[in-house]
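Subject: The structure I promised you

Hi,

Here is the structure we talked about, so please open it and keep it on screen while you read. My notes on what turned up follow below.

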Amino acid sequence: MMKNLQPMPPHPLCLNQHSRLAMPSFSLALLLMLSLSSSCTQQEETSLLQFLAGLSWGGGLTASWRKGSDCCTWEGITCNANREVSEVSLASRGLEGYVSPSLGSLKSLLRLNLSGNSFTGGLPLEVLYSSSMVCLDVSFNHLSGGLQELPSSIPGRPLQVLNISSNFFTGLFPSTTWEKTWNLVALNASNNSFTGWIPSSFCIGSPSFAVLDLSYNQFNGSIPTGLGKCSALRVLKAGRNNIIGTLPGELFDATSLEYLSLSNNGLVGTLDSAHISKLRNLVLLDLGANRLSGKIPDSIGQLKRLEELHLDDNNMYGELPTALSKCTSLTTISLRRNNFQGELVKVNFSTLSNLRILDLYRNNFTGTIPESIYSCSKLTALRFSVNKFHGQLSMRIGNLKSLSFLSLTVNNFTNITNTLHVLKSSKNLTSLLLGKNFKHEVMPQVNMDGFENLQVLGIHGCWLSGKLPVWLLKLTNLKMLLLSNNRLTGPIPPWINNLRSLFYIDISKNHLTGKVPTALMEMPMLQADKTAAYLGTKFFELPVYLSEPYQYRSLNSLPQVLNLSGNNLTGGIPLDIGQLGALATLDLSFNNLSGAIPRSISNLTNLMVLDLSNNHLTGPIPAALDGLHFLSELNVSNNDLEGPIPTGGQFGTFSESSFDGNPKLCGSVINHNCGPAGAPPASIVSVKEAIDKTVFVTAFCVFFGLGVLYDQMVLSRFVCKS
């Protein structure tokens with residue numbers, strides 16, 4: 001699967017030499033004189049035209065790539081002083097087709113850059129192992145197939161930089177080939193589907209080997225010990241594979257390592273203190289999402305250059321070492337989803353003046369938030385959620401002027417009024433998650449200024465009493481409101497439609513009363529189908545977990561939701577509910593709603609979840625609902641619905657439980673056929689009405705007949721007397 005990756009910048013060795021070195025005026029004049037008297041060879045012109053012929057879409061190259069003209073003047077072509085093609089640079093030109101083997105016959109070609117196009121097919125051996133190529137970049141294409149080993153009969157190759165990342169290559173990765181690439185410096189094969197073990201021969205032929213990126217593949221086996229012999233290795237990335245085993249001690253002999261990323265594998269074991277201390281040049285250490293155990297060693301404090309520490313999603317435990325305070329270059333600490341414990345006061349965070357992200361989500365930390373954290377003035381994201389912290393927030397949190405993401409959910413913090421009061425000075429806050437704290441307190445009703453930039457607010461699961469506070473009206477940039485699982489009372493206020501950016505509303509499981517307000521039908525971000533464009537692609541500073549195991553990295557990845565379930569709402573479902581065309585989830589379950597299901601719900605064509613269960617709804621299920629082609633969850637159980645269940649569209653995928661508790665419904669899904677033979681049993685009310693009508697008609701006929709007979713008798717007597 002292709003990942004959402006960005007093209008990496010070209011390696012310095014891949015840059016055109018003329019772009020890096022100023023050419024003396026004399027040499028430039030000489031080059032101009034040569035260009036007047038010579039051009040590229042016929043053989044080079046033919047090779048390039050053969051490449052052009054292999055394109056199904058040439059991206060406008062035919063305008064300058066003309067037979068008989070000097071190919072040194074063609075677009076994307078650079079020649080050396082001898083008028084030989086030395087570089088082909090056609091990155092991000094929209095080219096389609098296959099890579100022609102003819103490029104391998106360009107005897108002076110040093111650099112070939114075809115990245116960011118739509119080439120298909122394989123990578124020809126003639127190109128991959130060209131006798132002159134120094135830099136080859138075919139990243140971000142649709143190339144497929146395997147890579148062949150360099151035949152043993154072919155001598156060594158001068159290749160220095162190879163970037164084949166973000167394609168569809170498969171099969172075993174070459175192993176012996178790298179023994180013959182004596183000058184290899186950088187290799188990026190990430191984001192493919194290579195299998196097998198990681199080769200250990202990279203440094204055998206090339207002592208200058210410095211960069212290896214094999215992440216996002218399907219490599220298995222263990223980390224080769226031979227990588228420890230790569231004395232010049234600065235970057236090792238092999239995350240998102242199936243690598244198992246422990247971190248070999250030999251790996252830590254590669255003391256030049258600056259970036260070590262082995263996340264999302266199956267590594268086990270502990271971090272050895274002696275081993276860690278060898279990597280004093282480390283800038284990034286990412287071992288997240290493995291099965292590592294043990295403690296963070298005290299030797300971590302010797303990594304003075306360390307900027308990012310990612311040990312998240314492991315089985316590590318113990319207290320944070322005091323020595324962490326010595327890593328004064330740290331910008332990111334991610335320890336989420338481990339079993340760390342103890343208080344944080346042992347770490348002097350005031351020495352970490354560059355710290356921007358601290359993520360301690362889902363551990364067993366206790367105590368209060370240490371005052372030293374408030375000295376980290378560059379903090380942008382702070383997450384203490386799902387721990388055992390207690391106490392109140394300090395006024396000093398206002399020192400964190402750059403703070404934009406704060407999550408304190410699932411702890412034992414108290415005094416929500418004070419919390420909101422001290423946080424309102426954090427003008428850059430965009431995400432504030434406070435849920436499952438402040439148990440049984442009262443929702444503050446006093447005026448709360450500030451929070452002008454707040455986009456996400458979560459005060460859920462606190463069992464707060466009170467009403468929906470009016471100060472919410474001032475949060476004009478609010479996009480996501482989570483107030484579920486409280487004890488809020490009163491109606492949903494009509495001013496809610498003034499929150500024109502709001503698209504995710506969850507105020508379920510409260511004690512709200514009154515009708516579903518028509519103001520909710522006027523929410524712009526629930527009406528428009530262009531909300532993704534409005535929300536943009538800005539990422540959260542940290543992933544947001546609404547329910548395990550799902551995480552969201554940006555606002556535009558969240559669905560449009562209206563969840564009013566578990567309240568005491570009455571009346572009918574508004575007929576203009578069909579205006580909310582952007583809704584993905586509509587949940588009105590467990591209320592006291594009555595009346596019919598509006599046919600206008602069929603206009604909610606983006607709807608994926610519809611839950612109207614446990615109300616007092618009557619009438620049929622509108623047949624038009626079978627046009628909701630994205631509907632994957634439906635629940636209308638425990639109402640008083642009647643008539644046939646629609647059979648078209650997604651209705652064929654719903655189970656019987658979706659319709660339970662509606663004895664007047666019929667249809668194959670509930671094994672109750674519709675029609676005369678299997679019609680739903682008539683209700684007592686229906687039978688009584690039928691009897692009443694029969695009695696009325698019978699009585700009318702009897703009295704009408706007697707009346708006519710009486711008239712005839714009177715008339716006959718009158719005639720006889722006459």
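Predicted model: local features only at pLDDT ≥ 70, side-chain atom pairs only at ≥ 80, totals over all residues.

Disulfides

How many disulfides are there in the structure? It holds four. Let me go through three of them.

Cys71 is joined to Cys40, with an S to S distance of 1.8 Å. Cys40 sits in the loop between helix 2 (25-37) and helix 3 (42-53), while Cys71 is in the loop between strand 1 (55-57) and strand 2 (77-79), so this pair ties together parts that are 31 residues apart in sequence. Cys40 is buried too, with a relative accessible area of 8%.

Cys72 has its own partner, Cys79, at 2.1 Å from S to S. The link of Cys72 and Cys79 is left-handed, with -95 degrees about the S-S bond. Both Cys72 and Cys79 are buried.

Then there is the disulfide from Cys203 to Cys230, where the S to S distance is 1.5 Å. The link of Cys203 and Cys230 is right-handed, at 105 degrees about the S-S bond. Cys203 belongs to helix 5 (residues 202-205) and Cys230 to the loop between strand 14 (218-221) and strand 15 (235-237), so the pair ties together parts that are 27 residues apart in sequence. Cys203 is buried at 15% relative accessible area, and Cys230 is buried at 2%.

Two other cysteines to note: Cys376 counts as buried at 1% relative accessibility, and Cys462 is buried at 0%.

Asn314 is in the loop between strand 21 (308-310) and strand 22 (315-318). Beyond its neighbours within four places in sequence, Asn314 is in contact with Leu287, Gly288, Ala289, Asn290, Arg291, Leu292, Arg337 and Asn338. The C-alpha atoms of Asn314 and Gly288 are 6.6 Å apart, although 26 residues separate the two along the chain.

Asn191 is found in the loop between strand 11 (186-188) and strand 12 (193-196), and Asn264 in the loop between strand 17 (259-261) and strand 18 (266-267). Asn191 is buried, with a relative accessible area of 1%, whereas Asn264 counts as partly exposed at 27%.

Phe194

Strand 12 also holds Phe194, which is buried at 0% relative accessibility. What does Phe194 touch, not counting residues up to four places away in sequence? The list is Leu147, Ile164, Phe169, Thr170, Gly171, Phe173, Ala189, Asn217, Gln218 and Phe219. Leu147 is 47 residues from Phe194 along the chain, with 9.5 Å between their C-alpha atoms.

Ser102

Ser102 lies in the loop between strand 4 (96-98) and strand 5 (111-113), and at 7% relative accessibility it is buried. Its side chain and that of Ser100 are joined by a polar contact of 2.8 Å. Leaving aside neighbours within four places in sequence, Ser102 is in contact with Ser47, Gln50 and Phe51.

Helix 7

Last stop: helix 7 (residues 416-423) is mostly covered, with six of its eight residues buried. Which residues of helix 7 are the buried ones? They are Ile416, Asn418, Thr419, Leu420, Val422 and Leu423. The cover over these buried residues includes strand 29 (405-407) and strand 31 (431-433).

Cheers

Notes: Residues numbered from 1 in each chain as written. Heavy atoms only, no water. Helix = DSSP H or I, 4+ residues; strand = E, 2+ residues; numbered from the N terminus. Contact = heavy atoms within 4.5 Å. Buried < 20%, exposed > 50% of the residue type's maximum accessible area, 1.4 Å probe, protein only. Polar contact = N/O pair within 3.5 Å; in protein donor to acceptor, adjacent residues only side chain to side chain. Disulfide = S-S within 2.5 Å.
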